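Please look over the sequence and the model shown here before reading on.

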Amino acid sequence: MDKIVPAQYQPPLPLDTLIVQDGAEGSGDRMELDVLIVGAGPAGLACAIELARLAKADRTELNIGVLEKAEALGEHSLSGAVVNPRAFRELFPDLKDSDFPFRAPVAKEAVYLLTAERRWRLPTPPTMHNRGYYIASLCEVVRWLGAKAEALGVNVFTGFPAAQLLVRDAAVAGVRTAPAGLDRDGKPTPGGTAPNDLVAKVTALAEGTRGLLAQAWCQWQRVPSENPQIFALGVKELWETQQPLDRVIHTLGWPIPSDAFGGSFVYPLEPNLVALGLVVGLDYRDAALDVHVLLQRLKQHRLLRALLAGGEMVEWGAKTIPEGGFYSLPERRSGAGVVLLGDAAGFVDVPSLKGIHYAMHSGIYAARAIFQNLKNGAALSAYDRLVDASYIARDLYRTRNMRLAFRDGFYLGGIQAALMTLTGGRFPNGKYRMHADVEVARRLSPGLRPGSAETPVGVSKVDAVFKSGNSTRDTIPSHLIPAKDVPVEVARFYSHVCPAGVYEAIDGGLRINAPNCVDCKATDVLGPRWTPREGGSGPKYKRM
Amino acid sequence: MTTLAVLEQRDGVLRKISHEVVTAAQRLGGGVEAVVCAAGVVQGADQAAKFGADKIVTLTNPAFAKYAPEACAQALAERAKLGGHRCIVFAASATGKDLAPRVAAKLGVAVAADITDLATDGGAIVVTRPVYAGKALLKVKVAAQPAVLSLRPNVFTPVERPKAGAAETVAVTVPAGRVTVREIKAAPAGTLDVAEAQVIISGGRGLKEPANFKVLEDLARAFGGQAAVGASRAVVDAGWRAHADQVGQTGKTVSPSLYIAVGISGAIQHLAGMRTSKVIVAINKDKDAPIFKVADYGVVGDLFEIVPKLTEEIRKLHG
Amino acid sequence: MKIAVCIKRVPDSETRVKIAADGKSLDEAGVKFVLNPYDEFALEEALRRKEKAGTGEVVVVCLGPAVAQETIRTALSWGADRGVLLQADKIPADPFETAKVIAAELKTTSWDLILFGRMAIDDYNHQVGQLVAELLGLPCVTAVSHLDIEGTKGVAEREIEGGIEVVDFPLPAVLTADKGLNEPRLPALKGIMAAKKKPLEVKPVQVGAGVLEVVALTPPPERKEGKIVGEGAGAVAELVRLLREEAKVL
């Protein structure tokens with residue numbers, strides 16, 4: 001074997017279990033709501049807040065429920081982040097920027113091209129100007145939004161993952177939550193809880209990146225997109241540093257190989273509290289590429305070594321990012337009884353590394369469409385029209401080919417991207433065709449030597465998972481669905497894909513350490529399918 | 001001003017933890033009166049003299065044959081009031097944790113509980129107590145008289161400072177207790193939850209086969225009921241050990257005082273959670289095994305030789 | 001059965017402890033607060049007994065700041081009937097002061113059982129239950145890991161060194177709950193919804209300073225670098241000596 005195509009080993013999406021007729025047996029409690037929102041991230045919460053405000057202004061009462069799989073708000077939220085405040089200003093016109101849950105305005109910034117030994121300062125690409133934006137922790141943003149939502153009477157249920165879509169014919173009726181307390185073999189125990197059915201007139205899927213139910217709905221309803229969605233994996237660390245940092249930094253180049261796309265970010269939440277991460281497109285060509293290991297290597301670069309010396313890594317985490325942009329959006333993000341929000345729909349602009357304000361605005365537009373739908377029976381497709389007429393669509397269209405150009409490699413891609421920037425997206429034109437990440441062949445050799453994560457400032461995956469706050473029950477049944485027979489080369493590939501050490505190639509086969517999983521979804525993109533497990537499992541991010 | 005050192009007896013025999021209490025009381029200066037509640041003579045009570053008790057008082061009443069919380073609290077509170085002591089010291093043993101607050105309440109104060117250090121600062125007593133699961137130390141000034149303290153076990157290593165230890169027996173009358181100890185029954189064997197054990201001995205694949213876990217079970221038994229045998233997930237997945245024994249990498253439930261990792265390389269899995277253990281000992285034949293970087297103390301070599309020797313030494317200590 | 005459960009809002013056990021600027025308290029920025037885990041056993045026990053009796057009331061009492069209402073709501077979502085927040089911005093370092101305030105609140109009702117968690121995972125004081133019992137003149141059994149009740153007679157089991165103490169006591173009584181007493185329930189969606197409508201009374205209280213005064217809160221001494229004690233069975237004697245004298249774990 002000299003190369004592997006991950007698609008050959010990825011089971012299909014288990015639609016039979018994901019789509020369930022409403023009324024089917026198997027659930028415990030049943031709850032009826034007006035609007036059900038799956039996911040208490042920025043998109044879901046913005047939707048809930050706008051809906052609650054519309055209802056209040058209209059003097060009607062709406063029973064709004066938000067389901068969140070993490071044990072507490074924010075614990076599964078992770079981003080850089082530099083936030084464009086416009087969605088906050090729209091949602092809270094009476095508040096000032098200083099009232100919002102941001103850490104600091106972006107003051108200075110710098111972009112560097114790195115080689116192993118050196119760095120070259122580049123002029124900041126126009127798409128990456130962050131003046132007027134704010135450095136923030138998405139965890140803090142989510143907790144703040146959550147408090148606002150609850151103050152408006154929204155019911156936020158943490159610890160309840162949505163596992164299945166409840167449907168009535170071709171319409172979405174709600175969701176069924178995952179059971180809790182299953183034993184190692186997946187059997188219920190006396191202390192556990194059965195799945196709950198939550199039915200609503202409209203269900204908003206705001207599950208975040210690679211949302212399971214969003215995928216299931218699109219496939220079930222055969223909603224096409226011009227390109228398949230593609231993803232990058234970001235691995236992030238939060239450091240308390242001895243040395244202060246006064247600027248936002250982005251880097252390109254080393255240690256990412258030239259046939260892969262990505263870069264790093266270094267953001268000071270406080271002068272001595274620094275968020276840093278490495279983001280790499282999952283269409284990389286080398287089966288041995290390991291994003292976590294590359295991040296450990298990056299920290300050795302002269303640019304960062306002095307900054308981190310004597311410091312302490314206080315948190316670690318990982319998450320995928322949908323990178324396909326405009327052409328990967330589903331043709332419609334609304335249907336009978338359902339709307340798709342935020343990252344689950346793909347509203348992320350890679351060249352500017354922004355998605356939070358798009359997520360929130362998609363939630364706001366969805367809320368308006370949902371409100372009219374409930375009040376007057378107006379079609380939910382109004383949501384699509386609102387988004388298409390908004391800056392969300394305009395921004396994504398302008399950069400529609402920029403990430404895609406990098407499928408041709410760093411240098412060629414860089415040139416094309418520069419041209420696109422100069423021409424405002426008019427040239428090169430056309431549409432770059434992309435393959436799904438899982439279909440991209442990976443060469444086994446010559447390969448990168450993944451090397452060890454153990455360096456003076458490096459941390460192993462086991463220690464990293466501990467720092468994500470992961471305290472998943474060790475006896476939990478595995479939530480990951482691999483192919484039946486996985487050759488050892490593919491097992492090894494999985495072990496490099498997963499930043500959390502879930503997969504090991506041991507004794508000629510694949511060992512799965514499911515409790516390690518931090519729900520980044522890289523596995524769902526390239527390897528075994530991810531399904532939700534009992535609420536509260538996974539990481540407990542605090543300031544990521 | 002003297003300190004009242006409350007000794008602990010069970011079935012008429014002095015418990016060794018009492019030596020720590022007298023040692024600590026000695027540190028406060030001003031003399032130590034040791035006191036114990038018992039139905040009759042307490043074997044080994046005279047040992048308190050070795051550690052600094054000027055007086056050893058046995059308060060007797062048939063009710064004290066078994067632990068009688070209300071009667072004991074009443075008797076001790078009255079003795080404390082009578083003696084005008086500056087300080088009363090208990091061991092924060094299972095019984096001490098129950099008893100000390102009852103006595104303190106009768107004296108109208110709280111207990112400075114589970115302390116790991118004490119000193120006098122001018123006229124005041126200043127103590128140190130671990131809080132937040134040992135992640136921080138709280139220094140507290142006790143502005144009460146008497147000050148009531150309880151000592152974390154195994155911290156105030158007994159120091160011999162022989163004093164007269166004049167013995168006195170006082171029969172006391174106590175109220176009939178509403179709470180009565182019926183009996184002390186043996187803890188069912190092998191039910192010590194890995195999550196709760198003070199000592200965890202964990203085995204990994206280095207043990208080679210399931211039957212070899214016996215070596216770890218022998219060591220656990222030598223600790224006399226405080227130790228549990230844990231296993232890495234790999235070993236549990238392989239079916240060698242029960243699921244309930246698993247000590248996982250997430251480590252959410254594990255924080256023993258002593259964690260002994262046997263035949264665990266630490267290369268992957270397992271490690272991260274058990275980091276919150278107070279002391280980590282590693283036994284492995286590979287001197288470069290990553291676990292040695294995490295361990296406080298390591299022994300390199302054949303575990304099948306080392307562990308039995310350790311079992312022998314621990315048995316000697318606890319015997 | 002009329003049962004009071006006294007609960008505390010505490011920092012999550014995974015909290016990374018940072019000392020506040022005053023050098024005496026925890027820096028609460030970003031700290032996740034939860035219902036004290038030992039109180040969960042107490043609450044679960046109260047709910048089971050009320051459910052078994054078919055009738056009765058479980059009231060949750062908490063001394064804490066205004067935000068502790070969230071913790072009381074959590075208890076209500078498990079099934080408690082109503083809650084009382086004794087509101088004070090600062091919880092005293094002196095547990096006797098805490099006990100006085102709680103006892104004053106409980107005094108006005110005649111309870112069948114008053115339950116506490118054995119200790120709080122922040123301050124490890126392990127005494128408020130006994131102090132309250134003493135102030136109320138009620139019998140008290142601590143660290144209960146098994147409980148049987150017949151009418152007004154109770155039998156409790158508690159772990160002591162080397163064994164299990166079996167204790168008889170009459171009701172009404174104060175009990176403090178230990179791990180093993182029961183398996184706390186998981187929250188249910190319906191319970192979470194219902195909790196919002198249950199009564200929660202907020203009563204501002206004054207707490208005295210007491211006799212225990214915090215001088216300082218400091219991080220623990222740095223973990224020393226590990227050492228290889230030796231090789232083979234010959235190193236064991238030295239290992240044991242170090243564990244006894246240096247590490248003080250034996």
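Two strands are said to pair if DSSP finds at least two bridges between them, and the helices (H or I, at least four residues) and strands (E, at least two) named below are DSSP runs, numbered from the N terminus. This is a predicted model, in which local features need pLDDT of at least 70 and side-chain atom pairs count only at pLDDT 80 or more, while totals for chains, interfaces and linings use all residues. Residues are numbered from 1 along each chain as its sequence is written, and chains are lettered from A, and ligands numbered from 1, in the order in which they are written.

In chain A, strand 25 (residues 503-506) and strand 26 (residues 509-512) are paired in the antiparallel sense through 4 bridges, and A:Tyr503 has A:Ile512 of strand 26 opposite it. These two strands of chain A make a hairpin with 2 residues between them, and in its turn A:Asp507 has a positive phi of about 55°.

Elsewhere in chain A there is an open sheet of 3 strands, arranged in the order 5-9-6 with antiparallel pairing. Strand 5 (82-83) and strand 6 (104-105) of chain A are its edge strands, each of them pairing on one side only. Strand 6 of chain A is joined to strand 9 (residues 134-135) of chain A by 2 bridges, the two running antiparallel, and within this pairing A:Pro105 has A:Tyr134 of strand 9 as its bridge partner.

Taken as a whole, chain A contains 16 helices and 27 strands. Its radius of gyration, which is taken over C-alpha atoms, is 22 Å, close to the 24 Å that the globule rule (2.2 Å times the number of residues to the power 0.38) gives for 544 residues, and chain A is therefore as compact as a globular protein of that length. The C-alpha trace of chain A spans about 60 × 55 × 45 Å along its principal axes. Of the 544 residues in chain A, 56% are buried, where buried means that 20 or more other C-beta atoms, placed from the backbone, lie within 10 Å of the residue's own. Counting two residues as in contact if their C-beta atoms, placed from the backbone, lie within 7 Å, 77% of the contacts in chain A with a separation of 6 or more are between residues 24 or more positions apart.

Domain bounds here come from an automatic or database domain assignment. For chain A it gives domain 1 (3-9 + 105-133 + 231-324 + 440-530), domain 2 (15-82 + 140-228 + 326-398) and domain 3 (402-434), and the centres of domain 1 and domain 3 of chain A, taken over C-alpha atoms, are separated by 24 Å. Chain B is assigned domain 1 (3-171) and domain 2 (199-318), with their C-alpha centres 36 Å apart. Chain C is divided into domain 1 (2-204) and domain 2 (220-250), whose C-alpha centres lie 39 Å apart.

Chain C has 6 helices and 13 strands, and its C-alpha atoms fill a box of roughly 65 × 45 × 40 Å along the principal axes. Buried residues account for 46% of the 250 residues in chain C.

Which residues does C:Phe116 contact, leaving aside its neighbours within four places in sequence? They are C:Cys6, C:Ala42, C:Val128, C:Gly129 and C:Thr176. C:Phe116 is part of strand 6 (residues 113-117) of chain C, and it counts as buried because it has 30 C-beta neighbours inside 10 Å.

The last topic is the contact between chain C and chain B. It takes 67 residues from chain C and 64 residues from chain B. On the side of chain C that touches chain B, strand 9 (163-170) is one of the elements that supply at least two residues, and strand 9 of chain C gives the largest share, 8 residues. By class, this side of chain C has 40 nonpolar, 14 polar and 13 charged residues, where Ala, Val, Leu, Ile, Met, Phe, Trp, Tyr, Cys and Pro count as nonpolar, Asp, Glu, Lys and Arg as charged, and the others, Gly among them, as polar. Strand 10 (residues 136-142) of chain B pairs with strand 12 of chain C in the antiparallel sense over 6 bridges, and B:Leu138 has C:Leu217 as its bridge partner in strand 12 of chain C. For the complex, the predictor gives an ipTM of 0.92 and a pTM of 0.89.

How values were computed:
Buried ≥ 20, exposed ≤ 12 C-beta atoms within 10 Å, placed from the backbone.
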